[in-house]
Amino acid sequence: MKLNWKCSKAGRISGLALALIMLAAAPVSAANTVLLQHDFEDAVVAGWTGRGGVEILTASPGAAHSGVYGMQVDGRTKGWHGPSLEVTPLMRAGQSYVVSGWLKLPAGSPNTKVYLSLQHSLAAGEQYEQIASAAVTSSGWVKIEAQYKLREAANKLSVYFEAPDQPAQSILLDDFRIEQLPDAGPITIEENIPSLKDVFAGDFTVGTAFENFEMNQEADRKLIAKHFGTVTPGNVLKWDSTEPQEGVFDLADSDAAVNFGVENGQQVRGHTLIWHNQTPGWVFRDAQGNRASKELLYQRMQKHIETVVSRYKDVIDAWDVVNEVIDASQPDGLRRSEWYQIAGEEYIEKAFLFARQADPDAKLFINDYNTHEPAKSQALYNLVQRLKAKGVPVDGVGHQSHIRIAFPSLQEIDTSLLKFAALGVEQHITELDMGVYSNDTDRLETFPDTLKKQQADKYKALFELFRKRKNLITNVTLWGKDDGNTWLRSFPVNRKDWPLLFDERLQAKSAYWSVVGTPAPPAGSLAVQYRAGNTNAADNTIGPQFNIKNTGTTAVKLSGLKLRYYFTKEGAPPLNAWVDWAQVGSANVLRSFGEAAGPGADTYVELGFTDTAGSIPAGGQTGDIQLRIAKSDWSASTRRATTRSIPRRPAMPTGTG
């Protein structure tokens with residue numbers, strides 16, 4: 001494992017040396033902290049309530065997975081009914097948790113899928129999130145478990161179980177737990193690695209999609225600003241966010257997202273105006289609840305597009321005007337959405353015309369997934385060709401590019417790009433990610449090295465293809481910046497996936513290094529930051545302060561490290577050392593003194609760490625370790641630097657953790 005040597009001069013100390021000694025460097029994991037456990041053995045339901053207010057929750061011997069009692073939930077009448085527990089005081093934004101429970105159905109019940117979900121009560125309203133699910137039966141207990149990172153604080157947060165397919169089904173629940181994963185410490189990005197937007201500056205712009213909660217943390221903001229020249233708000237420009245009720249526009253979240261990009265000097269892509277998903281039901285119904293007429297639909301469409309697009313005129317550079325309208329199995333290749341059922345193909349034409357009227361300068365795109373598939377590619381090609389023949393202002397085609405390691409082939413992707421070049425349209429890669437699974441049933445808890453290499457190799461080849469076709473492609477946007485913020489952890493099933501270029505702690509993955517064409521640094525590289533905490537030459541103490549950073553890709557256990565600080569004392573008086581403060585816990589920092597053998601330093605203090613000090617995660621740091629060393633008289637000390645050749649670096653700024 002590589003060791004980085006760092007040294008600085010600061011304050012009254014004329015010279016010093018730091019040595020970081022690695023005794024062991026295996027990846028580590030600390031134990032989770034159990035925050036809550038309900039086994040119902042006290043024969044009460046312990047704060048659980050029915051979501052619908054009609055459910056009957058009882059502690060019952062017949063519902064026990066272990067012990068004597070479990071909880072039985074009867075009286076459900078709707079799919080969303082079920083047991084709910086408020087967990088607001090337990091879960092904090094930015095932390096990761098494991099939520100689990102054992103479930104079973106009463107004897108004779110039909111099998112059904114049960115979901116573990118969260119309800120967030122936010123200032124903007126209620127949000128619901130399904131985080132895990134499993135097929136539950138009456139023949140045996142099934143554990144439903146999810147690892148979940150809470151992205152933003154809620155006024156109220158509740159966890160619940162629901163069975164949407166069986167509204168009246170009773171449910172048995174036992175041994176429910178919430179555990180907090182070890183706090184890995186503050187996340188910092190790698191400031192000195194190549195920027196993606198700079199690497200490809202001569203080829204195409206590189207962008208990312210993001211959610212508004214990613215603007216809350218400094219590290220998230222900095223990663224987006226450093227690496228991406230364009231941004232796509234992931235959801236806040238969609239119809240259900242911008243106009244949830246007819247004529248009632250709520251643009252606060254979209255304003256915040258667009259302004260974020262503008263403030264970073266980034267171009268903004270608008271996603272999306274017309275889609276069969278995330279469009280409120282009222283759009284397709286008249287005042288009597290009947291299907292809306294074509295004329296009413298167009299009135300609503302025009303008002304919506306004019307309001308949203310004109311608000312961001314000259315700010316949003318490109319719009320996905322219509323999204324996912326292709327169904328290659330249909331004779332005309334078009335999805336039979338409610339849009340289509342009311343207006344036929346014409347609604348697509350109207351959407352582009354309304355968008356052009358609202359902003360004549362914005363690039364207007366039609367966007368779809370699986371455009372590498374020959375049948376779908378041809379259906380989209382035919383549609384764009386028909387639209388352009390009618391003078392409909394289609395400027396570009398967006399290839400979503402949600403791909404996997406195993407498929408599609410690069411040849412299929414290339415063939416599709418070349419096909420649309422014949423139409424003379426601009427092409428964007430709009431939603432790129434690369435899932436690691438080849439099916440919808442496999443499940444992994446860790447990312448195997450074999451898949452890391454396969455993913456890196458394919459990403460490398462993919463970007464080489466994009467660069468080869470840079471005359472056709474003007475933008476490549478990834479659908480998320482890091483593996484901790486990817487839709488593929490909840491779709492098509494709830495499971496871990498690692499589809500992007502940065503990991504959950506915003507550290508560059510092998511896939512990133514393959515894309516930028518630079519060798520990755522060794523795993524577990526460490527660096528020490530230093531500052532002088534006491535610069536008073538008249539007292540009898542010195543106060544060195546340290547911070548150990550892990551710049552590698554694997555966690556490093558602190559108990560396997562030794563940090564030596566070299567100095568000269570030139571005398572026999574005994575030394576004492578105290579840890580005045582340490583983020584890892586003062587009691588977890590061990591101190592001892594030794595004699596230095598070489599010229600320039602006669603003494604060192606060695607810091608070690610207990611097992612309970614934990615580990616430094618990849619990209620993490622220990623935070624300040626504030627040491628105080630004292631003897632009765634320092635007057636004879638020259639405190640010369642050790643003769644070991646160590647490069648200098650600026651002193652660590654005050655407050656760096």
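Is Phe 463 buried or exposed, and what is its relative accessible area? Select Phe 463 and look. Phe 463 is buried, with a relative accessible area of 2%. Keep in mind that this is a predicted model.

**Stop 1**

How are the rings of Tyr 459 and Phe 463 placed? Their centres are 6.4 Å apart and their planes meet at 35°, so the pair is tilted.

**Stop 2: a pair across the chain**

The count of aromatic pairs comes to 19. One of them joins Phe 210 and Phe 260: select both. The centres lie 5.4 Å apart, with 55° between the planes, and the pair is tilted. Phe 210 sits in strand E13 (residues 205–210), while Phe 260 sits in helix H4 (residues 252–263). They are 50 residues apart, so this pair links distant parts of the chain. Both Phe 210 and Phe 260 are buried.

**Stop 3: charges over rings**

Select Arg 51 and Tyr 160. Arg 51 lies over the face of Tyr 160, 3.6 Å from the ring centre. Then move to Lys 419 and Tyr 381. Here Lys 419 lies over the face of Tyr 381, at 5.3 Å from the ring centre.

**Stop 4: helix H5**

Select residues 294–311, which make up helix H5. Why does the length of H5 agree with expectation? At 1.5 Å a residue, its 18 residues should span 26 Å, and the end C-alpha atoms are 26 Å apart.

Which residues of H5 are buried? Colour Leu 297, Tyr 298, Arg 300, Met 301, His 304, Ile 305, Val 308 and Val 309: these are the buried ones. They cover an arc of only 165° around the axis, which puts them on the same side of H5.

Turn the view to the face away from that buried side. There you find the exposed residues Glu 295 and Gln 299.

Last, show what covers the buried residues of H5. The cover includes helix H3 (239–242), helix H6 (338–343) and helix H7 (346–358). Strands E15 (267–275) and E16 (316–323) are also among the covering elements.

Note on methods
Residues are numbered from 1 along each chain as its sequence is written. This is a predicted model: local features need pLDDT of at least 70, side-chain atom pairs count only at pLDDT 80 or more; totals for chains, interfaces and linings use all residues. Side-chain values use heavy atoms; hydrogens and water are left out. Rings of Phe, Tyr and Trp (its six-membered ring) pair if their centres lie within 6.5 Å; planes under 30 degrees apart count as stacked, over 60 as edge-to-face and the rest as tilted. Helices (H or I, at least four residues) and strands (E, at least two) are DSSP runs, numbered from the N terminus. Buried means under 20% relative accessible area, exposed over 50%, partly exposed in between (1.4 Å probe, protein chains only). A charge sits over a ring if NZ of Lys or CZ of Arg is within 6 Å of the ring centre and within 35 degrees of the ring normal. The expected span of a helix is 1.5 Å times one less than its number of residues. The arc is that of the directions from the helix axis to the C-beta atoms. Contact means heavy atoms within 4.5 Å.
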